[in-house]
Structures are given as structure tokens and as C-alpha cells.
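Look over the sequence and the model below.

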Amino acid sequence: MNRLILLAADNPNFILELFEKFIIDFSGSENRIKKRLQDGHYAQAGIETYKLKGAAGNLGAYALQKACVKLETDIKVGIIKPATLIDFSATLNEVLSACIDYLTPTQLLKFPLIIIMIYKNG
């Protein structure tokens with residue numbers, strides 16, 4: 001993500017909007033994916049993971065992109081390794097937390113307080 005920030009340094013509003021959209025679109029992804037896996041809806045979990053992988057790449061969040069690839073592979077095989085889910089969750093939470101850190105206080109007002117608390121307090 002640092003590379004993205006450097007590349008778009010002349011347009012900080014672009015970065016803010018990108019991070020804001022990522023939070024809006026993906027703050028519930030972890031729970032949605034886990035629920036779909038629990039319910040046996042592997043194809044839907046795979047689609048959500050695929051979308052998240054693409055968004056992570058757009059952000060330059062390559063660790064999250066890699067975690068999504070691992071989860072996609074497990075989903076395709078039909079055996080989800082606990083370590084894969086733990087890594088995925090931790091990496092997603094790190095990225096969401098980093099996005100929140102970058103936003104201005106005015107932008108943070110757009111989000112429910114619970115979202116901010118979850119990703120800032122672990």
C-alpha cells in the first residue's frame with residue numbers, strides 16, 4: 001500500500017476515496033466468506049474471495065492478495081485449512097486497519113463506530 005501512496009502522492013483524494021471504498025466494500029468480507037464456507041456455499045465464498053483478491057491488488061496490498069490466493073486454492077480443493085483462514089483473517093484485518101489509519105476524521109464519520117472499533121482494537 002505504501003507504493004500506491006507514493007505513486008498517487010499528487011492526488012491524495014484518490015487514495016482516500018480508494019481506501020474508503022475498500023472499507024465499505026470489504027469490511028464484512030471475512031464474516032461473509034466464513035459463513036458461506038460454514039453453510040457449504042463454496043462457490044459463493046470463492047467469488048467473494050476473488051473480488052477481494054482483485055481489490056487487494058489494486059491497493060497494492062500484496063500480502064492480502066496472496067492470502068486470498070491461498071484461500072481460493074483451498075476453496076477449489078474443498079478443504080479449508082485452519083491456518084489459511086487464520087492468515088486470511090489477520091491479513092485482511094491489517095489492511096482494513098491501515099486504510100482506517102489513513103482516512104481523515106471527517107471520512108471516518110461515514111462509518112459506524114463498530115467498524116472503526118473492530119479494526120483498531122483487534
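Phe22 and Phe26 both sit in helix H2 (residues 12–26), 4 residues apart, about one turn of the helix. Helices here are DSSP runs of H or I with at least four residues, numbered from the N terminus. This is a predicted model, where local features need pLDDT of at least 70, side-chain atom pairs count only at pLDDT 80 or more, and totals for chains, interfaces and linings use all residues. Residues are numbered from 1 along each chain as its sequence is written, and side-chain values use heavy atoms, with hydrogens and water left out.

The structure holds 1 aromatic pair (ring centres of Phe, Tyr or Trp, its six-membered ring, within 6.5 Å). Phe22 and Phe26 form that pair, with 5.2 Å centre to centre.

| Helix | Residues | Residues in the contact (heavy atoms within 4.5 Å) |
|---|---|---|
| H3 | 29–38 | Ser29, Arg32, Ile33, Arg36, Leu37 |
| H4 | 42–59 | Tyr42, Gln44, Ala45, Glu48, Thr49, Leu52 |

The residues of this contact of H3 with H4 divide into 5 nonpolar, 3 polar and 3 charged. The axes of H3 and H4, lines fitted to C-alpha atoms over the stretch in contact, come within 7 Å and cross at roughly 155 degrees. H3 and H4 are therefore roughly antiparallel (over 145 degrees, on a scale from 0 to 180 between N-to-C directions).

Asp74 is found in helix H5 (residues 62–77). Is Asp74 buried or exposed? Asp74 is buried, with a relative accessible area of 3%. Leaving aside neighbours within four places in sequence, Asp74 is in contact with Ile79, Ile80, Lys81 and Thr84.

Conventions. Helices (H or I, at least four residues) and strands (E, at least two) are DSSP runs, numbered from the N terminus. Buried means under 20% relative accessible area, exposed over 50%, partly exposed in between (1.4 Å probe, protein chains only). Angles under 35 degrees count as roughly parallel, over 145 as roughly antiparallel, 65 to 115 as roughly perpendicular and the rest as oblique. Ala, Val, Leu, Ile, Met, Phe, Trp, Tyr, Cys and Pro count as nonpolar, Asp, Glu, Lys and Arg as charged, and the others, Gly among them, as polar. Rings of Phe, Tyr and Trp (its six-membered ring) pair if their centres lie within 6.5 Å; planes under 30 degrees apart count as stacked, over 60 as edge-to-face and the rest as tilted.
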